[in-house]
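Biologist: Please take me through this model one feature at a time, with the general idea before the case.

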Amino acid sequence: MANTPEGKVKDKINRTLEAYGAYRYMPVSNGMGTAALDYICCHKGHFFSIEAKAPGKKPTVRQQHTQRVLEHHGARVFIIDGDCTELAFYLAGLSDGTAN
């Protein structure tokens, strides 16, 4: 997957999720139906979503709207452009019971 800058970020995200045994689903967008971010995930009963971006890139207006909708419904959303530290801390906290 790492042929593009965003693909390299997704490789890092995949390795981080795999390290903690988190469930992940990467929907394929065809422009129809409800918008989703790049990853739909669950770990230890907690739902979260991830949008991967090439380094320095920001979410589109539609992705920002999807982020707000998910957060309104209680999901944690990560926008990751290379550094997976925040995601790793979150997953570690879920694993040891210290995450919110």
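**Reading the model**

Modeller: Start with Lys44, which is found in the loop between S2 and S3. Helices (H or I, at least four residues) and strands (E, at least two) are DSSP runs, numbered from the N terminus. This is a predicted model, in which local features need pLDDT of at least 70 and side-chain atom pairs count only at pLDDT 80 or more, while totals for chains, interfaces and linings use all residues. Residues are numbered from 1 along each chain as its sequence is written, and side-chain values use heavy atoms, with hydrogens and water left out.

Biologist: Is Lys44 buried or exposed?

Modeller: Buried means under 20% relative accessible area, exposed over 50%, and partly exposed in between (1.4 Å probe, protein chains only). Lys44 has a relative accessible area of 55%, so the residue counts as exposed. Lys44 also has a positive phi, about 55°, although it is not a glycine.

Biologist: Where is Cys42 placed, and which residues is it in contact with?

Modeller: Cys42 sits in strand S2, residues 39–43. Contact means heavy atoms within 4.5 Å. Leaving aside neighbours within four places in sequence, Cys42 is in contact with Ala22, Tyr23, Phe47 and Phe48. Its relative accessible area is 32%, so Cys42 is partly exposed. Cys42 and Ala75 are 33 residues apart in sequence, and their C-alpha atoms are 9.9 Å apart in space.

Biologist: How do I check the span of a helix, and what does the check give for H1?

Modeller: The expected span is 1.5 Å times one less than the number of residues. The 16 residues of H1 should span 22 Å, and the end C-alpha atoms are 24 Å apart, which agrees. The buried residues of H1 are Gly7, Val9, Lys10, Ile13, Asn14, Thr16 and Leu17. They pack against strand S1 (23–25), S2, S3, S4 and H3. Just after H1, Gly21 takes a positive phi of about 70°.

Biologist: Which residues of H3 are buried, and what covers them?

Modeller: The buried residues of H3 are Leu87, Tyr90, Leu91, Gly93 and Leu94. Seen down the axis of H3, they fall within an arc of 160° (taken from the directions from the helix axis to the C-beta atoms), so they line one face of the helix. On the other side of H3, Phe89 and Asp96 are exposed. The cover over the buried residues includes helix H1 (5–20), S2, S3 and S4. Gly97 follows H3 and has a positive phi, near 85°.

Biologist: Which residues does Ile80 touch?

Modeller: Ile80 lies in strand S4 and is buried, with a relative accessible area of 4%. Not counting residues up to four places away in sequence, Ile80 touches Val9, Ile13, Ile50, Glu51, Ala52, Lys53 and Leu87.

Biologist: How is a pocket found, and how much space lies in the largest pocket?

Modeller: Rolling a probe the size of a water molecule over the atoms shows where empty space is left. A pocket is an open set of points, on a 1 Å grid over the protein atoms alone, where a 1.4 Å probe fits, with protein on both sides within 12 Å along at least five of seven lines; lining residues have an atom within 4 Å of a point. Here the largest pocket holds about 270 Å³ of space. Its lining has 17 residues, and those closest to its centre are Ser29, Thr34, Ala35, Ala36 and Leu37. Helix H2 (residues 61–72) gives the largest share of the lining, three residues.

Biologist: Which residues of H2 are buried, and which are exposed?

Modeller: Gln63, Thr66, Gln67 and Leu70 are buried. Seen down the axis of H2, they fall within an arc of 105°, so they line one face of the helix. Val61, Arg68 and His72 are exposed on the other side of H2. The buried residues of H2 pack against strand S3 (46–52) and strand S4 (76–80). Just after H2, Gly74 has a positive phi of about 95°.

Definitions and conventions
Points joined across faces, edges and corners; volume = space filled by probe spheres on them.
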